[in-house]
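Welcome! Have the sequence and the 3D view ready, and let us walk through a few pieces together.

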Amino acid sequence: MKVSVKVPATSANLGPGFDCMGIALPIYNTVTIEETVLPGTGVEINVIADSDAIDPMSLSHIPLDENSIIYKAVELLYNSIGQTPSELKITIHSSIPVTRGLGSSSSVIVGALLAANELLGRPADEAALLSIATEIEGHPDNVAPAILGGLIIAAQEDDGSVTYRKLEWPEEWAITVCVPDFELATEIARSVLPKEVPMKDAIFNAQRLAMLMYAVNTKDSELMKTALKDRLHQPYRMKLIPGLDKIMDNLKHIEDVLGCVISGAGSTILVISKKNDLDKIRNIVKETWANQNIKCDIKTLPVENQGAQVITNED
Ligand code: HSE
């Protein structure tokens, strides 16, 4: 049997929604799991770059042995029905840039879980898959939109279940995804965060996240400008993304820009704007980074409202 699952990229946090909000984007990884015919073989994992935007060197950082999150995802699902995975060949076709804050790890966790679930006759429902994926990733803000598509707000409860709601992203807002040519490992980007934050910063974020929800629901662009701010992670991570402070400053002068945020843990940044002046926005980011000798790939993308999908299921 052979199952392939196509999973979208995701951008987590969106400013104030640290570890609880994320949005799916139309860049994809495909995870294929095949049962092999040779009894006694283990689990073989291969990763193939499927797009020019992927630096094959960056794929070499992905562990392919039993320490891999891909293996862990498959193993957890098999264990949940009292089995151990073996005689499997897993192939990842990768178009989502790696270690750039676009949910490439979440996409392979979600793809491996969904493909293994199909192979096993769907023992896990969507709620169980969300819960297992969140357990592996540690927070739901990438895995939830990867599974469900769209803009998702999500939280994991003490019993492991994930509560979520899907919001509708306003058609009139553009998302410009700016991917620089340098990697930023999530562990490094999380290691610079403090263990505790001042109460005034926690309040600042609660206010902004509440405003963001209202702004999205009512398509209120002026409110969104106030909402797309953060004090829980961005101030600490700015130093890891050279030129970001200058990009933010330079974008402030453009009326149609609603905000500029770090995508997930970085290094990618998102510019949220109305659908005017997009060339100007892209040029500002490109030129500001060029002044720092940073090359980048910039695309304005729609939201992917469809989550992970099984695209092949053959006996
Ligand atoms: N919310 C996470 C973070 C996303 O910002 O660290 C990346 O895993």
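## An enclosed helix

Of the 16 residues of α3, 15 are buried, so this helix is largely enclosed by the rest of the structure. Here, buried means under 20% relative accessible area, exposed means over 50%, and partly exposed lies in between (1.4 Å probe, protein chains only). Helices (H or I, at least four residues) and strands (E, at least two) are DSSP runs, numbered from the N terminus.

Helix α3 covers residues 104-119 and reaches 23 Å from its first C-alpha to its last, close to the 22 Å expected at 1.5 Å a residue. That expected span is 1.5 Å times one less than the number of residues. Just after α3 you will find Gly 121, with a positive phi of about 85°.

## About the model

This is a predicted model, in which local features need pLDDT of at least 70, side-chain atom pairs count only at pLDDT 80 or more, and totals for chains, interfaces and linings use all residues. Residues are numbered from 1 along each chain as its sequence is written, and side-chain values use heavy atoms, leaving out hydrogens and water.

## A strand with two partners

Now look at strand β4 (residues 88-94): 5 of its 7 residues are buried, so β4 is largely enclosed by the rest of the structure. Strands pair if DSSP finds at least two bridges between them.

Strand β2 (residues 17-35) runs antiparallel to β4, joined by 7 bridges, and Glu 34 stands opposite Lys 89 in β4. Strand β3 (residues 43-49) runs parallel to β4, also with 7 bridges; there, Val 47 stands opposite Ile 92.

## A helix with two faces

Helix α7 (residues 199-218) has 20 residues. Its buried residues include Phe 204, Arg 208, Leu 212 and Ala 215. Seen down the axis of α7, the buried residues fall within an arc of 130° (taken from the directions from the helix axis to the C-beta atoms), so they line one face of the helix. An α-helix has 3.6 residues a turn, so residues three or four places apart point the same way.

The buried residues of α7 pack against several elements, among them β2, β5 (151-156) and α8 (221-227); contact means heavy atoms within 4.5 Å. Turned away from that buried side are exposed residues, including Lys 200 and Tyr 214.

## Cysteines

How many disulfides are there? With a disulfide defined as a pair of cysteine sulfur atoms within 2.5 Å, the count is 0. Cys 178 is in no disulfide, and its nearest cysteine sulfur, that of Cys 296, is 6.7 Å away. Cys 178 is also buried, at a relative accessible area of 0%.
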